[in-house]
Structure formats: C-alpha cells, structure tokens
Amino acid sequence: MEDTFHMDGGVMAKFGDETVDTDVELENEDGDEGTECDDTDVEEIIEEPPPPPPKDPEEIAEEMVAELENFEFPEETDPEKDVTGKLAYKQKCKEFDFFMFPINSVVDKFDLEVLSLAHAGLGDKGAAALAACLKINTQIKELCLIENWITPEGGQALLEAVQKNTTIKKLDLAENRLGYRAGHIGKPTIGPLLRELFKSNAVLEEISLRSNKIGDKDMISIADGLCENFTLRTIDVSYNELGPTAGEAVGTMLSTNGDLRELNLEWNQLRNQGTMAVLNGLKQNNVLKKISLAWNGVSDKGGISVGEVLHSNTSLEEVDVSHNRIGEHGALKIADGIMENQAIRKLILSHNPLRDEGCTAIIAAIRNNNSLVFVDLKNAESGHNASQEIHETKKKKGNKVEIIVPRSLLIPKDLHL
C-alpha cells in the first residue's frame, strides 16, 4: 500500500518502509510550473492603515496661524545694532544662573511707546536686564514698573540706563523697595542716584516714587537734584516716610525750581514744621500748579501757612490738605486767602475739624472768588450757620462752583429739628 504526502514543493511517496522522493514539481492554479522556495522568500504582508480623513478649511487655517505665531524671524547678531534693545535684554538674561522673571513676553513689548511691566516680578535681576535694553532702546516713551520688588541695587542699573536714554518721558516706579528704609543697609541708596538722574537727564518729564519707603536722607538728595533740573514737570513722592527735614529740603527746592508743575506729598510725616517749610518755599514759587499735602498731620499752624500762600501765590490751581487737623483758626486764614486769590480752581479741605465757624467763613469767601470751580468740605464738622451760608452762595454762584458738603447742610435752616 502506497502512502503519499507533500513536503516543500515535492511529493514524497512511501512504499512499505521506504520513503521515496518522486521529485514531482507542483503546479500553480494556472497550470504553470511552480518554483521551489524557502522561508526566506516569503514576504510578510503588512496591512496599511487607512488614510486620514481630509481636514476641513477651519483646521487648516488654525494650523497656519499657529505656524505663523511660532515662526522665529532671524535676529541680528550684534545687540548694539538692535534699536529695540531686545537682544541686549536676552544677552543680559543669559548671564544669570537663576531667575524667575519673564523673557519672551517682555521682549515682545519693546517696540511699544508705552511699556507697562507692572506686577511682572522683575526683581533686581530683571531690572538689570531691562536696563541693558533701555540703554539702546529708542522706542519707549512711557515706562511703568509698579510693584516689581526692585531695591536700590536694581534701581541703580535702571536709573543709570534712564540717564542715558533719550526718549523716556514718563517713569513710574511706584510700590517698589527703593528707599533706604526698606531694609537694604549698606547698599546704594536711591537718593544720590536720582540726584544724578535729575541733574543730567534732559528728557524725563514725570516720575512716580510713590510708596517706596523713601526717608529724609534720600529726599534731601532728590530735592538737591531737582534744584538743577529744567525738564521734570511732575513728581509723586506720596506714601513714603518723609519727615520735617525732608520738608525743609523740598521747600528750598521749590524756592529755586522754576519748572515743576505738580508735587504730591500726601501720606507722609511732614507735620507742621515740614509742611510750613514746603509752603514757605511756595511763597517764592509762581510756577507750581498742583500740590497735595493730605494726610500729613497738619494742624492750625500749617493751615495758617496755607492761607498765607493762597494770599500771595498766583500760580496754584489745585491744593489738597484733606485728612489733617486744621481747625477754625487755620480755616479763617484760608478763607482770607481765597478772597484774595484769583488762580485757585480746586480746593480740598475735607476731613478737617474746621467746625461751623471755619466752614461758614470759607463758604462766604467762595462768593467773592471768581476762579474756584470745586471745593470739598466733607466731614469738616460744619453746622447751621454754614448751612445758611451755603444757600446764599448757591444763589449767587449757581453752577459756577461745585461745593461738596454734608447733605444736612443742603436742608434749609428753618427745617432743622
């Protein structure tokens, strides 16, 4: 009996105990002779995934926009030739081993005329990097650096750069830590640096140093620099720690500076001595238009000085002495000054204990003044006499002047219970 079985392209026949290779070649389905093959000739068939579905126009547009946003234009290799200061900023950043302030988001703004980096977390290192930019940049005209935790160390780099800059007209350094009282003993203080800035820079017109823990020592240097400055128009040193000595330095500056237009000294510690020194300087100044001495612990002595300044000064248009302790005697002197002054337009006396007599005198003086358009007497402890006076003044002045008084004063006297 013959058994047969197939092996690798041939047919094996078995006769009894012998197996014989008949060497029969296989044929394919078409009748053609097959060819011998081994395992290496067998190709593995891999099933290809189906093609992705076509993208709709919106997806294509989004991808193109993303590609454009991430496109990096070639940069100049020489920072000195980059008038925006972008390369100088980046190069300075590379010098730091560790920093946490932003880079690209800041650099993107260096082409703007108004650059706001408020609350950006720059710190002293970021201030130093920005300074490298400002030495070169000719685009920025207004720079805001509110609350960036900048100390005198970072302030030194910044101010030295601004000193060389030829375009920045407005600089806001409010709510940093530039003052020597901020706890940076032994480091450069901001006063001498600002003095040099004011003496040499001929472009800067406005600066804010609000809330920087600046004390008398620094203010003396600042005032000294302003004595030789001819371009600055506005300075804000409010919410600092200026005492009577600083007030004396400011008074001396006001008697010599002929260009400053606005001075904010509110929320300091000038008291009567410092306030009177400032006001004495104003007696020899006929260019300053706006001054704030609010929140300085001023009493009647200071109020009397305010009246004397109003009596003689011909330039002041706005005076704020609110939130002090000026009483009746100071109010009476202020009333005399109001009647003589024909330049003052806005007078803020709110939150002073002027009492009924003082308020009455001031309201009566308003009737004889042709320049005032706004007077604030809120919380001045006024009474019935002031109420009667306010009605008489309203009849004469009409809407020419706005007088802010407690609502009770607007009720006719005969209606008071």
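Trainee: How many salt bridges does the count come to?

Mentor: A salt bridge is a side-chain nitrogen of Lys or Arg within 4 Å of a carboxyl oxygen of Asp or Glu. The model is predicted, so local features need pLDDT of at least 70 and side-chain atom pairs count only at pLDDT 80 or more, while totals for chains, interfaces and linings use all residues. Residues are numbered from 1 along each chain as its sequence is written, and side-chain values use heavy atoms, with hydrogens and water left out. By this rule the salt bridges come to 14.

Trainee: Which residue forms a salt bridge with E317?

Mentor: The closest N and O atoms of the pair are 3.6 Å apart. E317 is partly exposed at 30% relative accessibility (buried means under 20% relative accessible area, exposed over 50%, partly exposed in between, with a 1.4 Å probe and protein chains only). The partner of E317 is K289.

Trainee: Is D376, which forms a salt bridge with K378, buried or exposed?

Mentor: The closest N and O atoms of K378 and D376 are 2.7 Å apart. K378 is partly exposed, with a relative accessible area of 33%. D376 has a relative accessible area of 7%, and therefore counts as buried.

Trainee: Which backbone nitrogen does the side chain of N369 reach?

Mentor: N369 is buried, its relative accessible area being 0%. At 2.7 Å, the side chain of N369 reaches the backbone nitrogen of L372.

How values were computed:
A polar contact is a pair of N or O atoms within 3.5 Å; within protein, one must be able to donate a hydrogen and the other to accept it, and residues adjacent in sequence count only if both atoms are side-chain atoms.
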